[in-house]
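Hello,

Here is the structure I promised to pass on to you. Have a look at it first, and then read on for what turned up.

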Amino acid sequence: MFKKEQNLTEGSIPKTLVLFALPFVVANLLQALYGACDLIIIGHFTKESAAISSVAIGAQVMHLVMSFIIGFSSGTTVLIGHAFGAEKFDEIQKIANTVLIFFSILAITVLLAMFCFSPNLIHIMQTPSEAYIEAVNYVKICSFGIIFIFMFNAVSSILRGVGNSMVPMMFVAIGGGVNIILDLIFIGLLNFGVKGAAIATVISQGICTLGLVLYVKMNKFSFELKFRKARFYFEKIKNIIKLGLPLSFQDSMVQMSFIILLSLANKMGVDSSAGYGSANRLNGFTMLPAFSFAMALTPIVAQNMGAKKRLRAKYTLYTAISYTFVFGLICLIWQQTNPESAVRIFTSDADVIREGASYLKSFSFDLIIVPFVFCTNAFFTGCGHTWFSMANNLLAALLIRVPLAFIITTVFGKTLFNLGIAAPVASICSVIVALIYLKSGYWRKGQNFT
């Protein structure tokens with residue numbers, strides 16, 4: 001094992017979890033700043049609801065791409081983690097070689113798809129007419145960064161599988177800093193507006209991706225990035241698809257469910273659209289610890305399952321839930337007592353603040369439920385049971401959250417408060433299913449990927 005890699009199967013469980021999860025928290029915080037800075041700077045420099053709505057809607061479409069790639073990245077991390085835990089280092093190199101080729105093919109395919117279909121998708125989302133053109137422009141410009149997004153996630157997934165969450169965080173930090181500076185230049189100084197936000201995002205993505213690749217090539221790990229000599233191992237691609245496809249489909253469909261909910265908000269008018277977008281940007285931060293600890297939990301569980309330490313993996317799950325629940329409770333209290341102060345971070349428009357605060361009053365109860373949802377599904381993913389994680393998430397998103405949102409807004413009125421009720425109800429259903437599966441013990445039947 002090289003010094004920049006970490007064995008996650010030994011030592012204090014709370015200490016191992018926290019130290020490994022902190023870089024995920026920081027990295028995801030900075031990733032959220034990518035979009036949040038676009039929205040904050042657009043809101044304060046343009047002072048236009050249409051501009052805020054354009055960036056919020058465009059970002060939601062790009063999140064669909066991120067959801068697609070994160071699924072395959074998580075599958076790769078599980079494969080690498082199992083091999084690392086079992087000390088099969090030759091398998092790690094084979095997986096790394098396959099991932100580089102596979103992700104490159106996926107990136108080109110998704111890039112072409114975004115150019116062809118993103119205008120139609122934005123139209124289907126019931127985007128307000130004032131925001132439509134700028135939202136399309138935002139997505140088309142951001143699509144040039146898809147190659148960088150896929151490559152960054154490919155390399156990061158390998159690193160996290162071998163126990164290194166620090167290096168990806170370092171380069172996300174660099175990209176985040178560059179993004180903020182370029183936002184201020186393109187939007188504040190040059191008045192490029194929505195297009196400036198998109199250009200800043202693509203450039204920052206390119207810088208952090210190229211930096212990460214160069215860093216890995218210049219340092220010693222249990223794998224090498226051999227772009228020219230990369231080989232395609234069909235057994236490895238089969239396992240990546242077996243693990244990653246359910247997660248990718250799950251994340252994409254869950255993101256699609258949020259796009260459907262956004263379309264409901266868009267029908268309520270541009271102020272509601274902007275308020276919903278601002279509130280969701282905030283939730284990107286308030287749910288960040290639960291999401292980050294869940295991301296960290298997957299490689300920890302994968303290594304422990306590879307090393308046959310199932311009880312340690314289960315105790316790590318309980319620890320992750322307890323830590324993230326406390327943070328969610330604090331955020332719930334804040335959003336229930338003063339939701340306007342939360343939305344005011346993103347805009348000074350009184351109408352947008354009113355609408356966003358209304359949404360947070362009902363949605364915010366989800367903050368104390370998602371720690372259970374995220375962490376249990378991440379645990380099952382680390383065990384290799386990605387099909388269950390997919391089924392559980394799709395149940396909550398498509399069969400409960402979306403239909404319930406339609407029913408509530410139709411029966412009780414088309415308001416953001418009513419729209420927000422569906423989320424915590426769906427999450428409760430997901431938790432019940434996950435706890436039943438955990439109690440069954442079926443997760444102990446680990447998968448052999450090496």
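A word on terms before the helix pair: axes are lines fitted to C-alpha atoms, for helices over the stretch in contact, and the angles between N-to-C directions run from 0 to 180 degrees. Please also keep in mind that this is a predicted model.

The pair to look at is helix H10 (residues 288–306) with helix H14 (residues 370–382): their axes come within 7 Å and cross at roughly 25 degrees. Angles under 35 degrees count as roughly parallel, so H10 is roughly parallel to H14. Their crossing is right-handed. On the H10 side, the contact is made by Ala-290, Phe-291, Ala-294, Leu-297, Thr-298, Val-301, Ala-302 and Met-305. H14 brings Pro-371, Phe-374, Cys-375, Ala-378, Phe-379, Thr-381 and Gly-382 to it. Sorted by class, this contact of H10 with H14 has 12 nonpolar residues, three polar ones and no charged ones.

Two loop residues may also interest you. Asn-191 is not a glycine, yet has a positive phi of about 55 degrees. You will find Asn-191 in the loop between helix H6 (166–189) and helix H7 (193–218). Its relative accessible area is 63%, so Asn-191 is exposed.

Lys-308, also not a glycine, has a positive phi of about 65 degrees. Its place is the loop between H10 and helix H11 (310–337). With a relative accessible area of 59%, Lys-308 is exposed.

Technical notes: Residues are numbered from 1 along each chain as its sequence is written. This is a predicted model: local features need pLDDT of at least 70, side-chain atom pairs count only at pLDDT 80 or more; totals for chains, interfaces and linings use all residues. Side-chain values use heavy atoms; hydrogens and water are left out. Helices (H or I, at least four residues) and strands (E, at least two) are DSSP runs, numbered from the N terminus. Angles under 35 degrees count as roughly parallel, over 145 as roughly antiparallel, 65 to 115 as roughly perpendicular and the rest as oblique. A crossing is left-handed if the near helix is turned anticlockwise from the far one by less than a right angle, and right-handed if clockwise. Contact means heavy atoms within 4.5 Å. Ala, Val, Leu, Ile, Met, Phe, Trp, Tyr, Cys and Pro count as nonpolar, Asp, Glu, Lys and Arg as charged, and the others, Gly among them, as polar. Buried means under 20% relative accessible area, exposed over 50%, partly exposed in between (1.4 Å probe, protein chains only).
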